[in-house]
Amino acid sequence: MEKEYWRWPESKWTSPDIDWKTGDIISAGVDVGSVSSQAVVLVNGKLFCYSNFRTGSDSPESAQKVMDKALEETGLALEKIHFTVGTGYGRVNVPFANRAITEIACHARGANFMYGPSVRTILDMGGQDCKAIHCDERGKVTNFLMNDKCAAGTGRGMEVFADLLSIPIEEMGQLSFKVEKEPEPVSSTCVIFAKSEAVGLLRKGWPKEKVLAAYSSAMAHRVVELLGRIKVEKDFAVTGGIAKNEGIVKRIESELKMEALEPQYDTQIAGALGAALFAKALVEKERGLR
Amino acid sequence: MLAHYGYKDGSGDYFIVIDTDKCDGCGECVTACPYGVLEVGEEENDPFREEPVARVTENHRKKIKYSCAPCKPTSGKKPLPCVQACSPDAISHSW
């Protein structure tokens, strides 16, 4: 079988220190995105386990699968979870969710947990959309913008380029810097047209790295334009799959003249994490604790 | 919160911006819009807000350039009905 360069690694993690049986509040968040799905479980507001898998063609099934994977070998059963919030593109299709909350709200809340209360501007570069969010010190959204009409500047665009250039997706960031001089960005913002433009450049004899650099800077430029509509304020953080691609993140940083916070967690779980935090808050509200 | 509804594509930026701190959910804009672009409902991006707020309907968000086009003729532009109807001054357009 031909190598699938676009395939990014799926993952799961369980905390070695937390015993879920000690939890007064066990809350969960499931983010069913267009390309990837995540499940996060919190025990008393602390990260207990998570998983990150590709979304299949069936949203309810993907939600179930990602939750099963997160809970695998933890001894925790789905029924023991007090409240589950669904988020993302397929948020209404999470069969075991008690409530659905938009990914805008969840990303801000999740980033607040991941990066701390100093984060003000969040750029979420998802599978098929891009979100620019400004939030306050509690992770409450104060300004947002979402572009889900156009795939330019998204994870899917990067996957297409991984296949076109036969470069494994995880190596793309580093390879994009293997050029003597940064080339002019490709002129098209649309993934389809950028791809045909790239094919043209390859025919002209451009090395793969140079084509990749040209595409990466076009992608960075495009999302910085989007960020310009909301107030870009320090601290700045990037979430989503593209946050793992230093070729894009470094180029965004240099255009913005602002450094992005260093992630301590898997950047793809921000939405599900925020959903789990909302789930916890909703349990507390139900119990009259807040 | 400044809620941007719409999109950016190769031809430009098309966003209706609703300042949810100013919006009181009166619904005057919903009546004023001849094309059903706006509605009043729960604040989707703030799960703890109880008061309803104006927003752009889901099915207009990705075609707003065209939905709003009849109110934006290239010559002889008149004030936009939704913006005029909004007494707290919460609605603006990016284009």
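Trainee: Where in chain A is A:Ser166 found?

Mentor: The model is a predicted one, and A:Ser166 stands out in it by its backbone, since its phi is near 55°, a positive value in a residue other than glycine. As for its place in the chain, A:Ser166 is found in the loop between α3 and α4 (172-175) of chain A.

Trainee: Turning to the two chains, what is the area buried between chain B and chain A?

Mentor: The contact takes 25 residues from chain A and 19 residues from chain B. Carbon and sulfur atoms give 55% of the buried area, and the total between chain B and chain A is about 2100 Å².

Trainee: What share of the area that chain B buries against chain A do B:His4, B:Lys8 and B:Phe48 supply?

Mentor: The area buried between the two chains is about 2100 Å². Of the part that chain B buries against chain A, B:His4, B:Lys8 and B:Phe48 supply more than any other three residues, and their share is 31%.

Trainee: How many salt bridges does the rule find across the interface of chain B and chain A?

Mentor: The count over all chains comes to 22 salt bridges. In one that crosses between the chains, the side chains of A:Lys140 and B:Asp46 meet with N and O 3.4 Å apart. Across the interface of chain B and chain A, the number of salt bridges that the rule finds is five.

Trainee: Why does the pair of A:Asp148 and B:Lys62 join two chains?

Mentor: A:Asp148 forms a salt bridge with B:Lys62, and the closest N and O atoms are 3.9 Å apart, to be read against a cut-off of 4 Å. The pair joins two chains because A:Asp148 lies in the loop between β9 and α3 (155-165) of chain A, while B:Lys62 lies in the loop between β4 (53-56) and α2 (64-67) of chain B.

Trainee: Which strand gives the most to the side of chain B that touches chain A?

Mentor: Across the interface, twelve residue pairs are in polar contact, both residues being at pLDDT 80 or more. On the side of chain B that touches chain A, β1 (2-9) and β2 (12-19) of chain B each supply at least two residues. With eight residues, the strand that gives the most to that side is β1(B).

Trainee: Which residue is the bridge partner of A:Leu145 in β1(B)?

Mentor: Strand β9 (residues 141-147) of chain A and β1(B) run parallel and are joined by three bridges. Within β1(B), the bridge partner of A:Leu145 is B:His4.

Trainee: In the open sheet of six strands in chain A, which are the edge strands?

Mentor: That sheet has mixed pairing and the order β1-β4-β3-β2-β5-β6. The strands that pair on one side only, and are therefore its edges by the listed order, are β1 (11-14) and β6 (99-100) of chain A.

Trainee: At what angle does helix α8 of chain A run to β2(A)?

Mentor: Helix α1 (residues 59-71) of chain A lies across β1, β2 (26-32), β3 (36-43) and β4 (46-54), running at about 135° to β4(A). Helix α8 (residues 270-286) lies across β2, β3, β4, β5 and β6 of chain A, and its angle to β2(A) is about 140°.

Key
Residues are numbered from 1 along each chain as its sequence is written. Chains are lettered from A and ligands numbered from 1 in the order in which they are written. This is a predicted model: local features need pLDDT of at least 70, side-chain atom pairs count only at pLDDT 80 or more; totals for chains, interfaces and linings use all residues. Side-chain values use heavy atoms; hydrogens and water are left out. Contact means heavy atoms within 4.5 Å. Buried area is the accessible area (1.4 Å probe) that two parts lose on being put together, summed over both. A polar contact is a pair of N or O atoms within 3.5 Å; within protein, one must be able to donate a hydrogen and the other to accept it, and residues adjacent in sequence count only if both atoms are side-chain atoms. Helices (H or I, at least four residues) and strands (E, at least two) are DSSP runs, numbered from the N terminus. Two strands pair if DSSP finds at least two bridges between them. Axes are lines fitted to C-alpha atoms, for helices over the stretch in contact, and angles run from 0 to 180 degrees between N-to-C directions.
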